[in-house]
Amino acid sequence: VQLQASGGGLVQAGGSLRLSCAASGSIFSISVMGWYRQPPGKQRELVAAIASGGSTNYADSVKGRFTVSRDNAKNTVYLQMNSLKPEDTGVYYCNAGVVTGVVTGLEAYWGQGTQVTVSS
């Protein structure tokens with residue numbers, strides 16, 4: 001299973017970016033998909049997650065500014081980021097809980113990370 005993330009870049013404060021992450025490979029089902037970020041010099045933290053049924057969870061710092069969504073038919077998760085702030089800067093990683101077969105368990109997979117830089 002591979003997760004391919006895209007959409008990062010450099011943006012001014014107040015701007016917007018949209019991240020995408022597509023899962024491919026031997027996939028039977030995907031449960032939760034989400035986004036984490038790692039600011040410079042800090043630990044990785046959860047940004048937003050979405051279950052297969054559509055329920056969502058957000059870090060307090062991004063509520064009202066970021067929206068996570070997914071297209072189950074495409075095994076893809078998105079993160080729409082609006083009103084970006086310099087403190088949103090970091091490497092953003094997508095994550096998915098994947099079942100690869102009828103008798104296999106749930107495993108976590110990570111994308112390669114995409115850089116988001118917000119200038120003040």
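**Pairs of side chains in a predicted model**

Colleague: How many aromatic pairs does a search of the whole structure find?
Modeller: This is a predicted model, in which local features need pLDDT of at least 70 and side-chain atom pairs count only at 80 or more, while totals for chains, interfaces and linings use all residues. Residues are numbered from 1 along each chain as its sequence is written, and side-chain values use heavy atoms, without hydrogens and water. For aromatic pairs (ring centres of Phe, Tyr or Trp, its six-membered ring, within 6.5 Å; planes under 30 degrees apart stacked, over 60 edge-to-face, the rest tilted), the search of the whole structure gives a count of 1.

Colleague: Which angle lies between the planes of Y36 and W110?
Modeller: Y36 and W110 form an aromatic pair, with 5.0 Å from centre to centre. The pair is edge-to-face, and the angle between the planes is 65°.

Colleague: How many residues apart in sequence are the parts that this pair ties together?
Modeller: Strands here are DSSP runs of E of at least two residues, numbered from the N terminus. Y36 lies in strand β4 (residues 29-38), whereas W110 belongs to strand β10 (residues 106-110). The pair therefore ties together parts of the chain whose separation in residues is 74.

Colleague: Are Y36 and W110 buried, exposed or partly exposed?
Modeller: A residue is buried under 20% relative accessible area, exposed over 50% and partly exposed in between (1.4 Å probe, protein chains only). Y36 has 24% relative accessibility, so Y36 is partly exposed. W110 has a relative accessible area of 39%, so W110 is also partly exposed.

Colleague: How many salt bridges does a search of the whole structure find?
Modeller: Side chains of opposite charge can pair when their charged atoms come close. A salt bridge here is a side-chain nitrogen of Lys or Arg within 4 Å of a carboxyl oxygen of Asp or Glu. The number found in the whole structure is 4.

Colleague: How far apart are the closest N and O atoms of E45 and R37?
Modeller: E45 is partly exposed, because its relative accessibility is 32%. R37 has a relative accessible area of 4%, which means that R37 is buried. In the salt bridge between E45 and R37, the distance between the closest N and O atoms is 2.7 Å.

Colleague: Where is D88, the partner of R37 in a salt bridge?
Modeller: The side chains of R37 and D88 meet in a salt bridge, at 2.9 Å from N to O. This pair links distant parts of the chain, 51 residues apart, with R37 in strand β4. D88 has 0% relative accessibility and therefore counts as buried. D88 is found in the loop between β8 (76-81) and β9.

Colleague: Which residues do salt bridges that share partners join into one network?
Modeller: Both R37 and D88 are buried. Salt bridges that share partners put these two into one network with two further residues, and the members are R37, D88, E45 and R65.

Colleague: Which residue meets D60 in a salt bridge?
Modeller: D60 has a relative accessible area of 63%, so D60 is exposed. The salt bridge of D60 spans 3.1 Å, N to O, and the partner is K63.

Colleague: What is the relative accessible area of T114?
Modeller: T114 lies in strand β11 (residues 114-119). T114 counts as buried because its relative accessible area is 10%.

Note on methods. Helix = DSSP H or I, 4+ residues; strand = E, 2+ residues; numbered from the N terminus.
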